[in-house]
Amino acid sequence: MKRLIITLCLALGSFVVGCSDDFQRGVEAYNKGDYATALKEWTPLADQGHAKAQYNLGVAYANGEGVLQDYKTAVKWYILSAEQGYAKAQYNLGVMYALGQGVIVDKVYAHMWGNILNSNGHEDGKKIMDYLLKQGMTPSQIEEAERLTEECVKKNYKGC
């Protein structure tokens, strides 16, 4: 039994290191402008649930780096990453809702993501909420966003 546990730990450790290496190769390629290689490294990781790889794919699709610009696909990847609590994805998702990129403009959901960030100590959340207030967000919309924030936190960001 001990041998099985040790074997499993070693196998999982190798997998984690392998994922880390693949992710880093993608970062290095991206920083050199080699978007095709970055996407090749990140896509399998993102498909396996790697939050940072999912976020990076969202950025690539939002900016049209190595792929045709596609805000809907960017939103898909941001959602998957945001559901894991990755703050950068939560911020970008809030911005996408605020600007209507890949989704219909939804001030309530944008505010919800901003509020989640803010409550977790990320100042970028306040930027989203301030922007929305300047765009004429109503008190009832803010109240609804606060209610959704509570629900989302209770669900650990899943299905928000």
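Hi everyone, this is a short walk through some contacts in the structure above, which is a predicted model.

Let's start with the aromatic rings. A pair of aromatic rings is described by the distance of the centres and the angle of the planes. In this model the count comes to 6 aromatic pairs. One of them joins Y30 and W42: the ring centres are 5.6 Å apart, and with 40° between the planes the pair is tilted. This pair links distant parts of the chain, since Y30 belongs to helix α1, residues 2-31, while W42 belongs to helix α2, residues 35-47, and the two are 12 residues apart. Are these two residues buried or exposed? W42 has 2% relative accessibility, so W42 counts as buried. Y30 is at 22%, and therefore counts as partly exposed. If you'd like to find the surroundings on your screen, look for the cluster that ring pairs make out of F23, Y30, Y35 and W42.

Now to the cysteines. As you all know, a disulfide is a covalent bond between the sulfur atoms of two cysteines. How many disulfides does the structure hold? The number is 1, and the partners are C152 and C160, with their sulfur atoms 2.0 Å apart. The link of C152 and C160 is right-handed, with 105° about the S-S bond. C152 counts as buried because its relative accessibility is 1%, whereas C160, with a relative accessible area of 22%, is partly exposed.

C152 also takes us to the helices, as it is among the α8 residues that meet α6. Two packed helices are described by the angle between their axes and the distance between the axes. Here, helix α6 covers residues 107-119 and helix α8 covers residues 139-154; their axes come within 8 Å and cross at roughly 55°. That angle is why α6 counts as oblique to α8. The crossing of α6 past α8 is right-handed. On the α6 side the contacts include Y109, M112, W113 and I116, and on the α8 side they include I142, A145, L148 and V153.

Last stop: Q101. Where does Q101 sit? Q101 is in the loop between α5, residues 87-99, and α6. At 22% relative accessibility, Q101 counts as partly exposed. Q101 and K72 are 29 residues apart in sequence, with 7.4 Å in space from C-alpha to C-alpha. Setting aside neighbours within four places in sequence, Q101 is in contact with Y71, V75 and M96.

Methods
Residues numbered from 1 in each chain as written. Predicted model: local features only at pLDDT ≥ 70, side-chain atom pairs only at ≥ 80, totals over all residues. Heavy atoms only, no water. Phe/Tyr/Trp six-rings, centres within 6.5 Å; stacked < 30°, edge-to-face > 60°. Helix = DSSP H or I, 4+ residues; strand = E, 2+ residues; numbered from the N terminus. Buried < 20%, exposed > 50% of the residue type's maximum accessible area, 1.4 Å probe, protein only. Disulfide = S-S within 2.5 Å. Axes fitted to C-alpha atoms, helices over the stretch in contact; angles between N-to-C directions. Parallel < 35°, antiparallel > 145°, perpendicular 65-115°, else oblique. Left-handed = near helix turned anticlockwise from the far one by under 90°. Contact = heavy atoms within 4.5 Å.
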